[in-house]
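Work through the exercises below with the model open. Try each task before reading its solution.

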Amino acid sequence: MMLLSSLAYLYFLAAVAFAVPAQEKRVHHQADLSDHVHDDSQNYQYDHEAFLGEDEAKTFDQLTPEESKGRLAKIVDRIDTDKDGYITHSELHKWIKHRQRRYIEENVNKHWKDYDGNKNDKIAWEEYKNTTYGYYLGEDFDDIEDKHTYKSMLARDERRFKAADKDGDGIATREEFTAFLHPEEFDYMKDMVVQETIEDIDKNGDGKINLNEYIGDMFTPEDGETEPDWVQTEKKHFVEFRDVNKDGYLDADEVARWVLPGEIDHSDNEAKHLIHETDTDKDEKITKKEILGNWNMFVGSQATNYGEDLTKKHEEL
């Protein structure tokens, strides 16, 4: 007997979670590059985690300065994709975004082996469908208490899979499967994010979101329960900000502005910052020599940790 995969179970939990009150659960904010304050006058921990990723930054903190610089030199060679001896803003920006997306890649890798049944390093829709829903397909979900939910999940998965499958061959590459699992990370999938959001909230099926549906997605009062102050605030936001054309509804464009806000590109800003601080000849690109000359801004080591510990102890005194 084939049970539902962990991914389908997560989808089910997500569907349940949508009924839980939360003002910001729908909004796909771009995460900052580090939880540390970006203050170079205190330390470079923000820069280290932005450049390396949190886990790798901790690894470098255990290395000697010589080991850190040696590994950094190898990283620079990887960043310099055109092998011209210079790191441009574009190359550094791409690298930082890649490091920050590692958690997504790890999530995809975790599920990849579950669905790539024939081990050809691609996942066909049939592979995904059979692994996720296979046991229930033959019986048309008849033994499931809420079979309508599972049928809807299957249809939604198939539609999203087809949208992620850019060449339409019914087979997802690793990049396409990443877009399937994390559509909010891909520009070409943003219409799908908006469509699914509307479908989740739109209870009367008119393809739009009215005020009651908008609030109902966040808060459903129990008998005698007083409406929290934040609900009034959200009603005001709906009327004054979300409903741009003032027709009493949120259409697809308005939902997109809400759940996919245009935000600062932290990776872009960090690439500019690192180049500005490292570019000694001010040609707006940096060499391996310039990077290694400013190595402790890019990576940590036992020495930088020791220095930071001394500073902390001095401040405590």
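This is a predicted model: local features need pLDDT of at least 70, side-chain atom pairs count only at pLDDT 80 or more; totals for chains, interfaces and linings use all residues.

**Exercise 1.** Find how helix α8 and helix α10 are oriented to each other, and which residues make their contact.

Solution. 
- Step 1: Locate the helices. α8 spans residues 147-164 and α10 spans residues 190-201.
- Step 2: Take the geometry. The two axes come within 11 Å and cross at roughly 165°.
- Step 3: Classify the angle. Angles over 145 degrees count as roughly antiparallel, so α8 is roughly antiparallel to α10.
- Step 4: The crossing of α8 and α10 is right-handed.
- Step 5: List the contact. α8 supplies Arg-156, Arg-159, Arg-160 and Ala-163. α10 supplies Met-192, Gln-195, Glu-196, Glu-199 and Asp-200.
- Step 6: Sort the contact of α8 with α10 by class. It has 6 charged, 2 nonpolar and 1 polar residues.

**Exercise 2.** Repeat the analysis for helix α5 and helix α14.

Solution. 
- Step 1: Locate the helices. α5 runs over residues 89-100, and α14 over residues 266-278.
- Step 2: Take the geometry. Their axes are 8 Å apart, and the packing angle is about 130°.
- Step 3: Classify the angle. α5 and α14 are therefore oblique to each other.
- Step 4: α5 crosses α14 in a right-handed way.
- Step 5: List the contact. On α5 it involves His-89, Leu-92, His-93, Ile-96 and Lys-97. On α14 the partners are Ser-267, Asp-268, Glu-270, Ala-271, Lys-272, Leu-274 and Ile-275.
- Step 6: Sort by class. The contact of α5 with α14 has 5 nonpolar, 3 polar and 4 charged residues.

**Exercise 3.** Which residues of helix α13 are buried, which are exposed, and what covers the buried ones?

Solution. 
- Step 1: Pick the buried residues. Within α13 (residues 252-259), these are Glu-254, Val-255, Trp-258 and Val-259.
- Step 2: Find the cover. The elements over the buried residues of α13 include α10, β3 (209-210), α11 (211-216), α12 (229-242) and β4 (249-250).

**Exercise 4.** Is Gly-293 buried or exposed?

Solution. 
- Step 1: Gly-293 lies in helix α15, residues 288-293.
- Step 2: Apply the cut-off. Exposed means over 50% relative accessible area. Gly-293 has 66%, so Gly-293 is exposed.
- Step 3: Relate Gly-293 to Thr-280. The two are 13 residues apart in sequence. In space, they are 9.6 Å apart, C-alpha to C-alpha.

How values were computed: Residues are numbered from 1 along each chain as its sequence is written. Side-chain values use heavy atoms; hydrogens and water are left out. Axes are lines fitted to C-alpha atoms, for helices over the stretch in contact, and angles run from 0 to 180 degrees between N-to-C directions. Helices (H or I, at least four residues) and strands (E, at least two) are DSSP runs, numbered from the N terminus. Angles under 35 degrees count as roughly parallel, over 145 as roughly antiparallel, 65 to 115 as roughly perpendicular and the rest as oblique. A crossing is left-handed if the near helix is turned anticlockwise from the far one by less than a right angle, and right-handed if clockwise. Contact means heavy atoms within 4.5 Å. Ala, Val, Leu, Ile, Met, Phe, Trp, Tyr, Cys and Pro count as nonpolar, Asp, Glu, Lys and Arg as charged, and the others, Gly among them, as polar. Buried means under 20% relative accessible area, exposed over 50%, partly exposed in between (1.4 Å probe, protein chains only).
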